[in-house]
Amino acid sequence: MAASSSSAARAAAADGAELHSRRRPREEGRVGSADPASAGSGKRALVDDAVTFSTDLLRVYYARFFPYRPFYRWLSYSQDPSMDLPMAQKGFMARREFSFTIENDIYIRYLSFGSEAELVKGIQSRQPHKIDIGAVFTHPPCNKESTKKGSFLPVERELIFDIDLTDYDEIRTCCSGAGICHRCWPYMTVAIRVIDRGLREDFGFKHIFWVYSGRRGVHCWVCDRSARALGNDGRSAIVEYFSAINGTMEKNAADLVPLTVPLHPSLKRALGDLETMFIENIIPESGQGLLADGQTERWESVLAFVPDVGDLKETVRVAWAAPGVTASQRWVQLQSAVAHTRSGLKQVHFRERTALAKAIPTIVLAFTYPRIDVNVTKGINHLLKSPFCVHPKTGRVCVPIVAEDCESFDPMQVPTIPRLVAEFDAFREAGGDDGAAAAAESGSAAPAELWRQTSLGDYMTKWERGFLRPLERDIAATMRRRAERAAAVTGDW
Ligand SMILES: [Zn+2]
């Protein structure tokens with residue numbers, strides 16, 4: 001592995017040199033001040049809106065806008081010597097695995113960085129198109145090959161969740177594959193709501209944040225100490241807890257959405273958010289159009305979850321086809337018909353009564369409940385794309401999403417590198433401080449936080465306030481308590 005890493009690194013260096021040599025002619029009139037070397041010239045930005053990602057733009061992003069400082073503060077969990085906390089774990093950051101995908105899809109695993117300066121240097125020298133974050137191991141991953149066989153083991157990592165719109169293709173009607181739009185994004189919004197509440201209220205986790213994956217999904221990072229310490233079994237148990245949908249929509253209702261009556265309290269709570277989303281975004285023509293006019297095939301996909309009792313289904317079909325009925329009226333008609341049929345059954349028809357009681361929640365869950373990629377969560381050693389990367393296909397930065405305000409997050413409005421460049425140029429033209437830019441261009445180990453003068457700064461400020469600072473406060477308090485306890489035991493006051 002060491003050999004393949006170093007050959008990949010050599011390839012990266014070669015790529016970098018080639019890039020540099022062909023950068024000048026290509027950028028003329030295309031990316032303009034996107035070149036970090038010309039950033040101090042004050043000339044007007046010539047950003048080509050059509051180009052949202054290129055190696056040149058990436059170079060600018062890593063030189064000026066990647067939020068190294070908060071990123072490092074998060075991943076070091078205050079264990080860095082510079083934080084000066086008692087009982088900090090020496091070398092903690094150096095044991096974290098990073099992997100880079102560099103140009104031409106060259107993949108380099110088991111990278112590690114012992115300090116913020118090393119991290120900055122590592123990223124800037126290799127210009128990764130994608131950064132993945134892995135576990136914290138017993139030894140620095142860069143020394144993996146020289147570590148005694150069997151002793152290189154993962155010891156902790158965040159509990160992570162990966163939710164992707166491609167896993168909704170059998171229920172979304174507007175887009176498929178990599179496509180997303182405002183009609184299908186609400187699936188992600190409600191997934192954040194439901195999983196975030198479950199993690200906080202059912203498991204007691206506090207230090208959680210969500211990130212836009214840059215294209216068609218979201219990632220969740222649970223960073224509480226107890227979450228990071230989970231083994232594979234604990235991770236599997238938690239993701240199973242959140243797996244209310246078992247398989248594909250072809251299955252029958254009971255197999256697809258196994259429910260108990262009464263409902264599990266967490267599903268009952270989730271149904272509150274899910275039914276609102278179902279009514280606003282799934283059934284009307286302006287959303288997924290599940291119960292929209294004339295969509296008889298989609299109507300049948302709903303009726304497939306309704307048990308065959310008497311003439312219930314036929315009654316609903318007739319009511320739905322009547323002129324002037326709206327999608328939300330169709331939903332009310334179905335609920336009333338199911339309730340009416342159930343109340344007309346004697347207690348001895350236990351099986352039918354139970355099936356009818358489950359029908360409405362089953363439909364809502366089947367068409368809205370989060371589809372989690374369970375394998376990503378299960379393994380302590382699973383890599384996940386880092387926040388603050390730039391997605392090569394969309395050019396969008398993987399920005400944090402505030403869970404409490406996830407409805408206002410719009411993936412189409414996420415900054416791209418050209419936009420950051422333009423925003424920063426506008427800031428400078430308006431008389432903003434130029435000193436920071438000079439510091440960044442001088443190649444200093446810790447780049448100035450120029451991203452604060454762009455729209456990325458808005459996302460970061462909320463992330464620091466809502467996630468990073470509370471996390472650091474908690475760590476400091478825990479470490480103080482532990483130091484006091486240790487002092488009490490040893491009598492060292
Ligand atoms: Zn869509």
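Before reading the sheet I noted the rule: two strands pair if DSSP finds at least two bridges between them. The elements themselves are DSSP runs numbered from the N terminus, with helices being H or I of at least four residues and strands E of at least two.

A word on the source: this is a predicted model, in which local features need pLDDT of at least 70, side-chain atom pairs count only at pLDDT 80 or more, and totals for chains, interfaces and linings use all residues. Residues are numbered from 1 along each chain as its sequence is written.

**Entry 1, the sheet.** I looked up strand S6 (residues 208-212) and found five bridges joining it to strand S7 (residues 217-222), with the two running antiparallel. Ile208 has Val222 in S7 as its bridge partner. The whole open sheet has four strands in the order S5-S7-S6-S9, paired antiparallel. Strand S5 (159-164) and strand S9 (400-401) are at the edges with a single partner strand each, so one side of each lacks a neighbour in the sheet. Helix H5 lies across S5, S6, S7 and S9, at about 15° to S7 (axes are lines fitted to C-alpha atoms, for helices over the stretch in contact, and angles run from 0 to 180 degrees between N-to-C directions).

I call a residue buried if 20 or more other C-beta atoms, placed from the backbone, lie within 10 Å of its own. A nonpolar core is a set of buried Ala, Val, Leu, Ile, Met, Phe, Trp, Tyr and Cys residues joined through C-beta atoms within 7 Å. Which members of the largest core touch the most others? Among its 115 residues, they are Tyr61, Ala191, Val218, Cys220 and Leu274. Helix H5 (residues 185-201) gives the largest share, nine residues. Domain 1 (2-157 + 381-482) and domain 2 (250-368) both contribute, so the core lies between them; the bounds come from an automatic or database domain assignment.

Is helix H3 (residues 68-76) largely enclosed or open? Eight of its nine residues are buried, so the rest of the structure largely encloses it. Among the buried ones I listed Tyr68, Arg73 and Trp74. Their cover includes strand S1 (96-102), helix H4 (116-126) and helix H17 (455-490), going by contacts (C-beta atoms, placed from the backbone, within 7 Å). Just after H3, Tyr77 takes a positive phi of about 45°.

Definitions and conventions
A residue is buried if 20 or more other C-beta atoms lie within 10 Å of its own, exposed if 12 or fewer, and partly exposed in between; C-beta atoms are placed from the backbone. Two residues are in contact if their C-beta atoms, placed from the backbone, lie within 7 Å.
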